[in-house]
Amino acid sequence: MTVLRSNTSGRSSEPLLPASATAAIKRRGWQIAGLALVGFACISGAAILSYAPGDPSFNSATDNDPVNLAGHWGAVFSDLVLQVVGYAALIVPAALAVWAAMILTHGSLAKPAGRLGWLILAVILGAVALAGVTTPAGWPLAAGLGGVAGSLAYNELVMWAGRLGLRPA
């Protein structure tokens with residue numbers, strides 16, 4: 001009679017799947033994540049770029065059908081992000097598309113948490129930089145090109161620069 005050895009928890013110490021099957025499942029998971037990022041980048045980019053101020057959203061109560069390419073939720077999404085960070089929001093779909101390409105070509109994405117942190121910083125700095133740009137005549141939002149967050153941060157920077165004796169060009 002043969003006795004099978006097990007660890008102290010009573011479970012077998014052997015893996016459930018062979019190493020090659022585990023690696024294949026992991027690769028397939030990364031590929032699915034890459035394709036999902038491509039889809040989200042395309043939809044969010046299209047929603048932001050096709051923003052129309054007359055679309056139904058939190059700031060516009062209307063019975064009109066949305067003109068936004070991403071539909072009703074795209075209109076709500078684009079209104080929200082353009083109000084908050086302006087066109088700096090376009091950094092996100094661009095970064096997601098690059099990350100998706102990296103995943104699909106290299107098989108994984110190195111240090112995703114660090115990349116997410118840098119992405120957030122890039123959006124904030126982009127919003128501040130766009131807040132310093134003169135708003136074009138046809139801009140439909142009260143907030144500037146950098147959104148409310150960019151305008152607030154830019155005004156604070158200008159105020160502190162003035163206290164230090166620096167003047168914007």
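**View 1. H1 and H3 run roughly antiparallel to each other.** This close-up comes from a predicted model. The axes of H1 and helix H3 (residues 91-106) come within 8 Å. They cross at roughly 160 degrees. Angles over 145 degrees count as roughly antiparallel, and the pair is therefore placed in that class. H1 passes H3 in a left-handed crossing.

**View 2. Residues of H1 meet residues of H3.** On the H1 side, the contact includes Trp 30, Gln 31, Gly 34, Leu 35, Leu 37 and Val 38. Further along H1, Phe 40, Ala 41, Ser 44, Gly 45 and Ile 48 also take part. H3 contributes Pro 93, Leu 96, Ala 97, Trp 99, Ala 100, Ile 103 and Leu 104. By class, this contact has 14 nonpolar and four polar residues.

**View 3. Helix H1 packs with helix H2 at an angle of about 70 degrees.** H1 spans residues 19-49, and H2 spans residues 71-85. Their axes are 8 Å apart. H1 and H2 are therefore roughly perpendicular to each other. From H1, the contact uses Ser 44, Ala 47 and Ile 48. From H2 come Gly 74, Phe 77, Ser 78, Val 81 and Leu 82. Five of the contact residues are nonpolar, three are polar and none is charged.

**View 4. Helix H4 crosses helix H5 at roughly 70 degrees.** H4 covers residues 112-131, and H5 covers residues 147-163. The two axes come within 8 Å. H4 and H5 are therefore roughly perpendicular to each other. Ala 127, Val 128 and Ala 131 of H4 make the contact with Gly 150, Ser 151, Ala 153, Tyr 154 and Leu 157 of H5. The contact of H4 with H5 holds six nonpolar, two polar and no charged residues.

**View 5. The charged end of Arg 163 sits over the ring of Trp 160.** The charged end of Arg 163 is 4.8 Å from the centre of that ring. As for aromatic pairs, a search of the whole structure finds one.

Note on methods:
Residues numbered from 1 in each chain as written. Predicted model: local features only at pLDDT ≥ 70, side-chain atom pairs only at ≥ 80, totals over all residues. Heavy atoms only, no water. Phe/Tyr/Trp six-rings, centres within 6.5 Å; stacked < 30°, edge-to-face > 60°. Lys NZ or Arg CZ within 6 Å of the ring centre and 35° of its normal. Axes fitted to C-alpha atoms, helices over the stretch in contact; angles between N-to-C directions. Helix = DSSP H or I, 4+ residues; strand = E, 2+ residues; numbered from the N terminus. Parallel < 35°, antiparallel > 145°, perpendicular 65-115°, else oblique. Contact = heavy atoms within 4.5 Å. Nonpolar A, V, L, I, M, F, W, Y, C, P; charged D, E, K, R; others polar. Left-handed = near helix turned anticlockwise from the far one by under 90°.
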